[in-house]
Amino acid sequence: MGVRVINDKCKGCTKCVKSCPFDAITMVNRLAVIGSACTGCGVCVEACPFDAIEKTEGQESKIDIRDYKGVWVFAEQREGRLMPVVTELLGEGRKLAAEIGTELCAVLCGDKVEDLVEELYTYGADKVYLADHPELKNYRTDAYTKVIYEAITEYRPEIILLGATHIGRDLGPCLAVRCGTGLTADCTKLEIDPEDKKIKQTRPAFGGNLMATIVCPNHRPQMSTVRPGVMEKAKQEPGRKGECIKLPVEFKENEIRTKVVEIVKKATEMASLTEAEVIVSGGRGLGTPEGFELLKQLAEKLGGTVASSRACVDSGWIDHSYQVGQTGTTVKPRIYIACGISGAIQHLAGMQSSDYIIAINKNENAPIFEVADYGIVGDLYQVIPAIMEELDNIADKNKI
Amino acid sequence: MEIGMKVLVCVKQVPDTNEVKIDPVKGTLIREGVPSILNPDDANALEAALALKDKDPSIHISVITMGPPQASVMLRECLSMGADAAYLLSDRAFGGADTCATSTTLAAGIKKIGDVDIIFAGRQAIDGDTAQVGPQTAQRLDIPVITYVQDVQVNGDAVTVQRQLEDGYEVIEVKTPCLLTAVKELNEPRYMSIYNIVDAYKKDITVWTHKDVGLSPEECGLSASPTQVWRSFTPPTKGKGEMLKGTVKEMAAEVVAKLKEKHAI
Ligand SMILES: Cc1cc2nc3c(=O)[nH]c(=O)nc-3n(C[C@H](O)[C@H](O)[C@H](O)COP(=O)(O)OP(=O)(O)OC[C@H]3O[C@@H](n4cnc5c(N)ncnc54)[C@H](O)[C@@H]3O)c2cc1C
Ligand SMILES: Nc1ncnc2c1ncn2[C@@H]1O[C@H](COP(=O)(O)O)[C@@H](O)[C@H]1O
């Protein structure tokens, strides 16, 4: 799909030029000309008051897409444990599979990870494709790409979902090129088109300023990486069974071109932000790294955990693993308390879908208030202690 | 001087998404006055190459981009930071490329440059945020790729990197040629130097079309892109909630009452 200007209808009003998110339209002799930055997104089609821009159809399919069946989920494991995003993918994958009327499968690579197969069944996998081999113990691009690519050519899935983790975002692009298909990165919403049963993948672009819905009409499999923490987890059904299909694994010498010498874990535990029910998050408004101590106290009282904006991470006040947002973690706790955070779009992108947002900020015009359920204009160093005092009062009352 | 290792950096010109604003009435993106910049991660990628050259001046650094003619402004900036040569892949046929098609074109350009030892790319570009073009280009060139690189040591043809993970990092060894994608933590990009700015204007920017890199128009741009943007829209905003009033104590009490209502405590 692309867009085309119908020159007879174009009045040279420049509305399309201003509407284009990619700066791709210029005016030449009072006619709109679509430039090479065009992605065919169609914003200009809507913007044109004279219907002078139309969508054009894309290329025809070279493969028979009907040969491809089933929804696959990449069951990413580290150290023999499934990543939390896998149950999210299985939850979402189940919905998609049901709408298409197809099966849900998981593809699992690792070394001695057979016990995870049962776990995948209980989270809804009808089939598990298992590649178990010492060389697959730790993720390596070449090894995982080869094994999964071969499985794709053999079993032809219609849809493949991977978590948009540091591993999924490495594997996904390599697989897509091998398969000659498209990949939509970091999706936050997936839907099946009721008419043609194809997948519509929605994702943020421009730092969250714009959402784009992407389709992959003529190539298979349709592939997406999915942002962790966004989809609903599959419910576990103990005792649920499925079918395991063992994949052949064989590597020639020098076929795996990288060597993992060491895996170093940070001293601090990975902040389990995606799991937290209550998050108390701090921004540059804390003024000093010590400010996080105050937030920790509040978080403890609420049974939650602390998080941060990027400004604090950049200032070295707190580790990157605590960062919420576009380039950090996406969270959706029941309660998100934003303290001294301005609410830049990149931050909002990671916390906007929290159930309840409470914002504390000195500046009444801070954009964070635009998404907050409850806003408090004030100094966090006064407000937070007051909240804690109030919490203690209640706790005391309950004791009596 | 004898030319040593050849290093290539993939760079992209992007709108500064920090400056992008939404028209509150129409709900559309305001692009006017938004500056175009060198993609932040690509500045880290270029810095990694320049740091290698600081230690070994025989290293030759090329930068390559696929983009419209005005991307040459960014290439000049790269030359002013210290790159030796710049390539611009610019052609109407390249337009509308998704990551799949972009990587085809970049790989074709890189093959034409030839004999590259290390390719650096940014982890992701802030317009699309896909982080796909780096690994996909490596696949097409059939060379190993390591993404999320936060540290790099080069010793002859042996490259040792730290690959960032969510909760730590891996130490990975690889041999050249290879492609590495840079994260922000890798380094602190330098500024253009006055000396280099003057020099940069003496250097030519090589401009190639699809013919120059041996691709047919069907292999480029929109027609070679499996994914298509079906629709784009500005994200619905959640809508402002309630602003609490009163003294700090009153507001605190009210928040706690609300929390209690939500069974948070
Ligand atoms: C490519 C890219 C990716 C990014 N990704 C992310 C991301 O993932 N996550 C992220 O968070 N950011 C991200 N950013 C950065 C983002 O644009 C903002 O710069 C950042 O979120 C700002 O952090 P902040 O709100 O803590 O700081 P500021 O914007 O400086 O805001 C501080 C706020 O604190 C208030 N304040 C000051 N003192 C007090 C006080 N005593 N009591 C109460 N309030 C007080 C001020 O009024 C102000 O509103 C990204 C940027 C780019 C370019
Ligand atoms: N048009 C392009 N020209 C040159 N390099 C690019 C281009 N698009 C992407 N890249 C490189 O690939 C990286 C990842 O981009 P993306 O996949 O768009 O997030 C960028 O940081 C660049 O290094």
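Chain B and chain A together bury about 8,300 Å², with carbon and sulfur atoms accounting for 55% of that area. The model in which this interface occurs is a predicted one. The size of an interface is often expressed as the accessible area lost when the parts come together. Within the area that chain B buries against chain A, E166(B), Q228(B) and K238(B) supply 9%, more than any other three residues. Counted by residues, the contact takes 99 from chain A and 84 from chain B.

The polar side of this interface can be described pair by pair. The rule finds 31 residue pairs in polar contact across the interface of chain B and chain A, with both residues at pLDDT 80 or more. It also finds six salt bridges across the interface of the two chains. A salt bridge between E390(A) and K249(B) has its closest N and O atoms 3.9 Å apart; the cut-off for such a pair is 4 Å.

Several elements of chain B contribute to the side that touches chain A. The helices α3, α4 and α6 (248–261) each supply at least two residues, as do the strands β9 (145–155), β10 (158–165), β11 (168–175), β14 (228–233) and β15 (242–243). Of the elements of chain B, α6(B) gives the most to this side, with ten residues. By class, the residues on the side of chain B that touches chain A divide into 36 nonpolar, 24 polar and 24 charged.

Residues from chains A and B surround ligand 1, so the site is shared between chains. Of the 26 residues around this ligand, those that come nearest are S309(A), T327(A), S342(A), H347(A) and N361(A). Two helices of chain A, α8 (310–314) and α9 (345–348), each supply at least two residues of the shell around ligand 1. The classes in this shell are six nonpolar, 16 polar and four charged residues.

A backbone N or O atom of R310(A) lies 2.9 Å from an oxygen atom of the ligand. Side chains take part as well: an N or O atom in the side chain of Q323(A) is 2.8 Å from an oxygen atom of ligand 1, and for the side chain of Q346(A) the corresponding distance is 2.7 Å. Taken alone, ligand 1 exposes 990 Å², of which the protein buries 83%.

A polar side-chain atom of D42(B) lies 2.4 Å from an oxygen atom of the ligand, while a polar side-chain atom of T65(B) lies 3.4 Å from a nitrogen atom of ligand 2. From the backbone, a polar atom of A131(B) is 2.8 Å from an oxygen atom of the ligand. Taken alone, ligand 2 exposes 480 Å², and the protein buries 97% of that.

K265(A) lies in strand β17 (residues 258–265) of chain A and E79(A) in the loop between β6 (77–78) and β7 (81–82) of that chain, so the pair ties together parts that are 186 residues apart in sequence.

Most peptide bonds are trans, and most residues other than glycine have a negative phi. In chain A, the peptide bond from R220(A) to P221(A) is cis, with omega near -10°, and P221(A) is found in the loop between β14 (210–215) and β15 (222–226). In chain B, a cis peptide bond joins T176(B) and P177(B), with omega about -5°; P177(B) lies in the loop between β11 and β12 (178–182). N29(A), although not a glycine, has a positive phi of about 50°, and this residue lies in the loop between β2 (25–28) and β3 (31–34) of chain A.

Methods: Residues numbered from 1 in each chain as written. Chains lettered and ligands numbered in written order. Predicted model: local features only at pLDDT ≥ 70, side-chain atom pairs only at ≥ 80, totals over all residues. Heavy atoms only, no water. Polar contact = N/O pair within 3.5 Å; in protein donor to acceptor, adjacent residues only side chain to side chain. Areas by Shrake-Rupley, 256 points an atom, 1.4 Å probe, with all protein chains shown as cover. Contact = heavy atoms within 4.5 Å. Buried area = accessible area lost by both parts, 1.4 Å probe. Salt bridge = Lys/Arg side-chain N within 4 Å of Asp/Glu carboxyl O. Helix = DSSP H or I, 4+ residues; strand = E, 2+ residues; numbered from the N terminus. Nonpolar A, V, L, I, M, F, W, Y, C, P; charged D, E, K, R; others polar. Near = heavy atom within 4 Å.
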